[in-house]
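Here's a friendly walk through a two-part structure. Have a look at it first, and then we'll go through the pieces together.

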Amino acid sequence: MIKQSIISVVLLIIAIALPLVTGQNPYITGILISVLMMATLASAWNIVGGYAGQFSFGHAAYFGSGAYTTMIMISVFNSNPLLGMVLGIVVACLIALVTGSIVFRLRGHYFALASIAVAEIVRLTVLNLEFTGGAQGILLTDVTFFSLDLNSKNPFYYGMLLTLALTLAITAWFHKSKTGYYLQAIREDQDAAASLGINIAFYKNKSLLISAALTSIVGSIYAVYIRFIDTHAVLDLSLSIEIILTAIIGGVGTLWGPLLGAVLLVPLAEMLRSNILGDALFRLGVVSESSAIGMFLKDGLAHAHVLVYGIITVLCILYLPKGILGFFRRGK
Amino acid sequence: MIGHMLHINHVNKHFGGNVAVSDVCFSVEEKQIFGLIGPNGAGKTTLFNCITGYFPVTSGEIIFNGCIINKKRPDEVCRLGMARTWQRVKPLCNLSVLENVMVGAFASTNSPRKAEAMAREELEAVGLEKYGDKPAGSLPIGLKKKLELARVMATSPKMLLLDEICGGLNHTETETILEIIRKLRNRGVTIVFIEHDMKAVTSICDRIVVLNSGEKLAEGTPEEITSNPEVITAYLGGSHHA
């Protein structure tokens, strides 16, 4: 336990200091923000998906709630982004409550399917409403937040870092508390859990609400950071799936697993997308850009980052069913 | 009704056209060890599921400690002081043995430290104190049954429903479990006990109800039950005379 506290403090100091090193390079800072964002999303999902074992495939709905509520509040009412964030949490919690009260009666695969259905309803509703910008989305030209320079990426980096720290702190507290034990009991065997006095519906909803609120905060920060959202960017099923994959590959039901998953997967995806491997080989003169291998690297592999991502996922599921962290803990 | 811990009042349970439990009545007194026996398909486990809130009854009343419980959820029934074990054990496999029992203990406390202390006591009571750190899924069946007992006892129940707690155990293991059950009764817990093993039942129970095809066939002391010709017929078939 002391070891874990030391690791957390060291990691936090490194994370706080990191922009001082990379501050001059907005590209790197951008990737770091993506890492923090996915780490927070996967960690928040982990509370309901990993600990309570309820595989929600609809977390994009909560992310979108935060993003859309914040953007609408800023663009229409010219409000402080913070107010938008708070209202976003309220909207996400309302959706979570409605979802939970209907969908938590179902178990296992049916819960997963129903959560997709609810998220799709949210997506289609937003797509067809007037005040959400429909298919055009919402573009923000100017935004102010107290006296922070929002043209720099650093405020967003620290905003995401704060949310990640909050999410991990809540998870760590859960890990040792009655609620954490109860969520895990529900995951392991719902009937046994009920026979031990656990109010199943209450604890499932509690975990979903906390998870949805945290996810919504990330959505709010993301929206102000990118300054443009549409249903494809913030409400798509693919976002929900990416969150789940990150958590699974890192290790569900563990404190650090989702963070580890994001630290490994986000830069990997970025490397594949920007074709770092191909560029390096061209620059070193190992492969000619016009040769067959060069063509493959440039046109094939660079466009295949989703495929590579998928293959890694399949390999992880086959050989590391408890995630990377679970694999290393197996010896204990 | 004073003195009755549990009162089953004309309980019926139908699954569609199937009558699983038909007009069953009996009462369990405080600190009794009460046996519920009968051939396969007699409706014993169904009745347990009705009592503990897993199935709604079709008609009738279940009164526990002066409180009608047949509309309550399983977790509410547990918090009223009635805990159960499962015929097919349900360990929380990926949690440790100690954590399993702690989950039970959280029914009466919010503090992890207190829950852990209670859990360690219950593990000691069933002789599992050495296995605390093992994953519950890794235990052999005999120890899993003991874990079930420790876990339900950690919820501090007034009454314990045990569904074939000796099922699948050998003679020595059965003896240890029966010994634990006697100790639990001495701690003031009332016990209702489903069992196939007639020897186990008659050696430990104060009173027995026999179910057959969902109906109550007989009720009495172990001596009365073992000498009841109808019970013998139900167990051994019509053509035998014991």
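What follows takes each chain in turn and then the place where they meet.

## Before we start

This is a predicted model, so keep in mind that local features need pLDDT of at least 70 and side-chain atom pairs count only at pLDDT 80 or more, while totals for chains, interfaces and linings use all residues. Residues are numbered from 1 along each chain as its sequence is written, and chains are lettered from A and ligands numbered from 1 in the order in which they are written.

## Chain A at a glance

Chain A has 16 helices and two strands. Helices here are DSSP runs of H or I with at least four residues, strands are E runs with at least two, and both are numbered from the N terminus. Along the principal axes, the C-alpha atoms of chain A fill a box of roughly 65 × 55 × 40 Å.

Buried residues make up 45% of the 332 in chain A. Buried means that 20 or more other C-beta atoms lie within 10 Å of a residue's own, exposed means 12 or fewer, and partly exposed is in between, with C-beta atoms placed from the backbone. Of the contacts in chain A with a separation of 6 or more, 75% are between residues 24 or more positions apart; a contact needs C-beta atoms, placed from the backbone, within 7 Å.

## Two crossing helices in chain A

How do α6(A) and α7(A) meet? The axes of α6 (residues 154–176) and α7 (residues 178–188) of chain A come within 4 Å and cross at roughly 80°. Axes are lines fitted to C-alpha atoms, for helices over the stretch in contact, and angles run from 0 to 180 degrees between N-to-C directions. The two helices, α6(A) and α7(A), are therefore roughly perpendicular (65 to 115 degrees; under 35 is roughly parallel, over 145 roughly antiparallel, and the rest oblique).

On the α6(A) side you'll find A:Phe174, A:His175 and A:Lys176, which meet A:Thr179, A:Gly180 and A:Leu183 of α7(A).

## Chain B and its sheet

Chain B has nine helices and ten strands. Its C-alpha atoms fill a box of roughly 55 × 40 × 35 Å along the principal axes, and 48% of the 242 residues of chain B count as buried.

Four strands of chain B form an open sheet in the order β2-β1-β4-β5, with antiparallel pairing (strands pair if DSSP finds at least two bridges between them). At the edges stand β2 (18–29) and β5 (67–68) of chain B, each with a single partner strand, so one side of each has no neighbour in the sheet. Helix α1 (residues 44–51) of chain B packs on the sheet, touching β1 (4–15), β2 and β4 of chain B, and its direction makes about 65° with that of β2(B).

## Two residues to look up

B:Asp23 sits in strand β2 of chain B, and its phi is near 50°, a positive value in a residue other than glycine. B:Asp23 counts as partly exposed, with 14 C-beta neighbours inside 10 Å.

B:Glu164 also isn't glycine, and its phi is positive, near 45°. B:Glu164 is buried, with 22 other C-beta atoms within 10 Å.

## Where the chains meet

Finally, 23 residues of chain B are in contact with 18 residues of chain A. On the chain B side, α2 (74–79), β6 (82–84) and α3 (97–105) each supply at least two residues.

Key:
Contact = placed C-beta atoms within 7 Å.
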